[in-house]
Amino acid sequence: MLGFAGIILTYGNKVMMFKRALSLYKFGGYWSIPSGHREEGETPKECAIRETFEETQIVSPDSETNLVAEVDTGNGIFSVYHWHMNELQTPVLDFEHTEYGVYENIDHLTPIQSEMKNIIDGVLNDIQKTNR
């Protein structure tokens with residue numbers, strides 16, 4: 001198994017979250033980040049950047065996209081990256097998502113996978129500490 005990768009997109013002290021379509025077999029209806037499966041010959045970072053573009057039309061610069069976590073899902077490693085946007089981007093959603101929002105706090109978003117929520121909360125906490 002090649003694994004999975006995705007990017008946490010932040011702007012200011014907020015995170016951009018995406019609601020997955022109910023029709024998806026994995027985590028349908030859940031709030032998450034743009035992510036997906038790695039392709040043969042692709043690095044985790046290349047996968048994260050590609051998946052984010054495919055799902056949102058947002059281009060995350062390689063040099064500004066940093067690894068924040070690696071999670072063993074039991075079906076492969078999920079590599080989670082972070083890109084802090086200098087300007088708020090407007091995503092163009094593909095069939096995998098039904099809505100998006102930009103939030104200072106994600107406690108009200110349900111359902112959300114608990115480990116992903118913890119990683120996103122950690123990134124938001126780091127941003128808030130930096131902005132103090």
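Me: Why is His 82 called buried?

Reply: In this predicted model, His 82 has a relative accessible area of 14%. Buried means under 20%, so His 82 is buried. His 82 belongs to strand β6, residues 77–85.

Me: What makes the pairing of His 82 with Thr 10 a polar contact?

Reply: The two side chains come to 2.6 Å. A polar contact needs a pair of N or O atoms within 3.5 Å, so the pair of His 82 and Thr 10 counts as one.

Me: Which residues is His 82 in contact with, leaving aside neighbours within four places in sequence?

Reply: They are Ile 7, Ile 8, Thr 10, Glu 64, Thr 65, Asn 66, Val 68, Val 123 and Ile 127.

Me: Glu 64 is in that list. Why is Glu 64 called partly exposed?

Reply: The relative accessible area of Glu 64 is 36%. Buried means under 20% and exposed means over 50%, with partly exposed in between, so Glu 64 is partly exposed. Glu 64 sits in the loop between α1 and β5.

Me: What does Glu 64 touch, leaving aside neighbours within four places in sequence?

Reply: Glu 64 is in contact with His 82, Trp 83 and Asn 86. As for Tyr 81, its C-alpha atom is 9.9 Å from that of Glu 64, and the two residues are 17 apart along the chain.

Me: How do you know that Met 17 is buried?

Reply: Met 17 has a relative accessible area of 0%. The limit for buried is under 20%, so Met 17 is buried. Met 17 is part of strand β2, residues 14–20.

Me: What touches Met 17, not counting residues up to four places away in sequence?

Reply: The residues are Trp 31, Ser 32, Glu 99, Tyr 100, Gly 101, Tyr 103, Ile 106, Leu 109, Ile 112 and Ile 120.

Me: Why does Lys 117 count as buried?

Reply: Its relative accessible area is 17%. Because buried means under 20%, Lys 117 falls in that class. Lys 117 is located in helix α2, residues 114–130.

Me: What makes Lys 117 and Asp 121 a polar contact?

Reply: Their side chains are joined at 2.5 Å. The cut-off is within 3.5 Å for a pair of N or O atoms, so the pair of Lys 117 and Asp 121 qualifies. Leaving aside neighbours within four places in sequence, Lys 117 is in contact with Ile 106, Asp 107 and Ile 112.

Me: Where is the cis peptide bond that involves Pro 111?

Reply: The cis bond joins Thr 110 and Pro 111, and omega is about -10 degrees. Pro 111 lies in the loop between β7 (97–103) and α2.

Me: Why is Phe 27 called partly exposed?

Reply: Phe 27 has 41% relative accessibility. Phe 27 is in the loop between β2 and β3 (31–32). Its phi is positive, about 55 degrees, although Phe 27 is not a glycine.

Me: How do you know that Gln 57 counts as partly exposed?

Reply: The relative accessibility of Gln 57 is 42%. Exposed would need over 50%, and buried would need under 20%, so Gln 57 counts as partly exposed. Gln 57 occurs in the loop between α1 (44–56) and β5 (66–72). Its phi is near 65 degrees, a positive value in a residue other than glycine.

Me: How do you know that the protein chain agrees with a compact globule?

Reply: For 132 residues, a compact globule would have a radius of gyration near 14 Å. The protein chain has 14 Å, so the two agree. Along its principal axes the C-alpha trace spans about 40 × 30 × 30 Å, and 45% of the 132 residues count as buried.

Me: How many helices and strands does the protein chain have?

Reply: There are two helices and seven strands, in the order β-β-β-β-α-β-β-β-α along the sequence. Among contacts with a separation of 6 or more, 66% join residues 24 or more positions apart.

Definitions and conventions: Residues numbered from 1 in each chain as written. Predicted model: local features only at pLDDT ≥ 70, side-chain atom pairs only at ≥ 80, totals over all residues. Heavy atoms only, no water. Helix = DSSP H or I, 4+ residues; strand = E, 2+ residues; numbered from the N terminus. Buried < 20%, exposed > 50% of the residue type's maximum accessible area, 1.4 Å probe, protein only. Contact = heavy atoms within 4.5 Å. Polar contact = N/O pair within 3.5 Å; in protein donor to acceptor, adjacent residues only side chain to side chain. Rg over C-alpha atoms; globule rule 2.2 N^0.38 Å.
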